[in-house]
Amino acid sequence: MGEWLRALTAAAAFVLAAGNIARLVLQRGELSPVLAYLVSAAGVVAFVVGGADRHFRRERLRLKEAEYAPPTQRKKGSLAGGFARKVDRLFDTYFGRYVPRDTARSHWLAQTAGIRRHLRDELVEIYREQRVDAGEIAWLVRHLVGDVRQRWENDTLTAYRTRLRTPLSTTALCVTGLVAAAAGAAWVAPAAALTAPVGGTASVLLAVASAVIGARACFRIVAERRRVPADEAERAQQLAERQAAYEHWQKKLSRKPSDAEMASWLECDRRILVDEAMRHYRLRPSQVIAHAFIEAPAGSYKRARVPRGPWRYSRYRLLLFLLTDDGVRQVDIDLDFEEGVSRGTQRLNYRFDTVAAVRIDGVATQQQTFELRLVNGDPIRVRVTESSTDGIQPGEDPGALSRVALDASGLPHTLHVLEGIAAEGKQWIRQQRRRADERLSEVTATVAGLIG
């Protein structure tokens, strides 16, 4: 409103002053001042038309350059576990990962610091108050970073500079108009002053001042009226691109496995690992009394889960226990679940009577740690579950999630086996074998009865 009031006031003053100057020039009755007046008026119109377009392009270019300029000051620190900090880490991760071809990482990160900050601030502003987890927009961050990398490789990252460059015709119109207005005014002003020294001089000064003030206000109004549709067109294009990326990500996720399939694949991996361990120790199946697993997340991993389901990890740390008459064979295994590749990180062999204690540390709904303590060795500690309140969704019960996580880790069965060994030693193994023989005899008798 302030710009409109300034522009209308300046326009009214200019029309009043220009009308008085025209009256004085006509009153003088000479042809040359009249022609100079017309040339000056045409120059003012040409300067306003060309200057408005030039001002819009320069302002829009300045704003675009500000988006790409490196930050001049450090961002305010955000909470370590806050949404903004998580978005920071996403941008840092993907800009560090998606480095263009034939480009040094340090150069890429330095040159894109400005656009990285601009995109980060945009997403934080959009999603911070919508109770959206940062992981839910990781696909959008990847899309934005991939788009920046593609434009970098195509040398179109700063294509806006060419698009917003002031055309030569606009510059020529602006300069020609300014020269014509100044030359005409220089011819008209003395004629008006000679006709009416006080009134003519005042009209000329008022016309010049109002023209300057009005032209600046007009430039800003025209630039703003052109900025709005330009921003809307740019926003529509960005929205279409992001919508396409979202649909592509949805299509990719539609092929994701179910939780039951993940569990089945993990069970297959466990069977293969048991077979490999038995072949390594040269054990026949009849020599293995029982085996047990503990599943835990590895040092670095990705994770996801379905509602009311346990966490599934991209990498696992597995503890495999093979129970034989001679003792326990323990194998620590690092399993890359995505690639289906595993490697043994440690092997331990110990007698039953060396197992001193087995315990679980931690509250049921919080992080729990398994600890196996041997008589003559350091304790073996493994984090088997995470907090069941981490990433909890509405309607989920932390207690139920904790029980599901424990079942998925294989801990209850393993704990039962190792606690029996710690309490009774080799005697527990004999009892287990006796109970297994009794169950086999019962099944054999039942089958024989059915056949008979």
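**View 1. Cysteine 268 is partly exposed.** The relative accessible area of cysteine 268 is 39%. Cysteine 174 is buried, at 9%. (Buried means under 20% relative accessible area, exposed over 50%, and partly exposed in between, with a 1.4 Å probe and protein chains only.) The model is predicted: local features need pLDDT of at least 70, side-chain atom pairs count only at pLDDT 80 or more, and totals for chains, interfaces and linings use all residues. Residues are numbered from 1 along each chain as its sequence is written, and side-chain values use heavy atoms, with hydrogens and water left out.

**View 2. Cysteine 174 has its closest cysteine sulfur in cysteine 218.** The two sulfurs are 12 Å apart, which is too far for a bond. Zero disulfides turn up in a search of the whole structure. (A disulfide is a pair of cysteine sulfur atoms within 2.5 Å.)

**View 3. The largest pocket holds about 2,300 Å³ of space.** Its lining counts 44 residues. Gly135, Trp249, Lys302, Arg303 and Ala304 lie nearest the centre. Two or more lining residues come from each of α3 (83-97), α6 (138-153), α9 (197-253), α10 (259-281), β2 (303-304) and β3 (312-313). Helix α3 gives the largest share, six residues. By class, the lining has 20 nonpolar, seven polar and 17 charged residues. The terms are as follows. A pocket is found on a 1 Å grid over the protein atoms alone, as an open set of points where a 1.4 Å probe fits, with protein on both sides within 12 Å along at least five of seven lines; lining residues have an atom within 4 Å of a point. Points are joined across faces, edges and corners, and the volume is the space filled by probe spheres set on them. Helices (H or I, at least four residues) and strands (E, at least two) are DSSP runs, numbered from the N terminus. Ala, Val, Leu, Ile, Met, Phe, Trp, Tyr, Cys and Pro count as nonpolar, Asp, Glu, Lys and Arg as charged, and the others, Gly among them, as polar.

**View 4. The second largest pocket holds about 1,200 Å³ of space.** This pocket is lined by 35 residues. Nearest its centre lie Lys64, Glu234, Arg235, Gln238 and Arg242. Helices α2 (31-68), α5 (113-127), α6, α7 (159-163) and α9 each give two or more residues to the lining. The largest share, 12 residues, belongs to α9. The lining divides into 16 nonpolar, six polar and 13 charged residues.

**View 5. Tryptophan 108 and tryptophan 152 belong to one aromatic cluster with Phe91 and Phe95.** The structure holds 10 aromatic pairs. In one of them, the rings of tryptophan 108 and tryptophan 152 lie 5.3 Å apart, centre to centre, with 85° between the planes: edge-to-face. (Rings of Phe, Tyr and Trp, its six-membered ring, pair if their centres lie within 6.5 Å; planes under 30 degrees apart count as stacked, over 60 as edge-to-face and the rest as tilted.) Tryptophan 108 sits in helix α4 (residues 105-111) and tryptophan 152 in helix α6, so the pair links distant parts of the chain, 44 residues apart. Tryptophan 108 is buried, at 0% relative accessible area. Tryptophan 152 is partly exposed, at 22%.

**View 6. Tyrosine 301 and tyrosine 313 pair edge-to-face.** Their ring centres are 5.1 Å apart, and the planes stand at 85°. Tyrosine 301 lies in the loop between β1 (288-297) and β2, and tyrosine 313 in strand β3, so the pair ties together parts 12 residues apart in sequence. Tyrosine 301 is partly exposed, with a relative accessible area of 28%. Tyrosine 313 counts as buried, at 8%.

**View 7. Arginine 303 lies over the face of tryptophan 311.** The distance to the ring centre is 3.8 Å. Arginine 329 places its charged end over the ring of tyrosine 281, 5.6 Å from the centre. (A charge sits over a ring if NZ of Lys or CZ of Arg is within 6 Å of the ring centre and within 35 degrees of the ring normal.)

**View 8. Aspartate 155 has a positive phi without being a glycine.** The angle is about 60°. Aspartate 155 lies in the loop between α6 and α7. This aspartate counts as exposed, at 68% relative accessibility.

**View 9. Arginine 308, a residue other than glycine, has a positive phi.** The value is near 65°. Arginine 308 lies in the loop between β2 and β3. Its relative accessible area is 56%, so arginine 308 is exposed.
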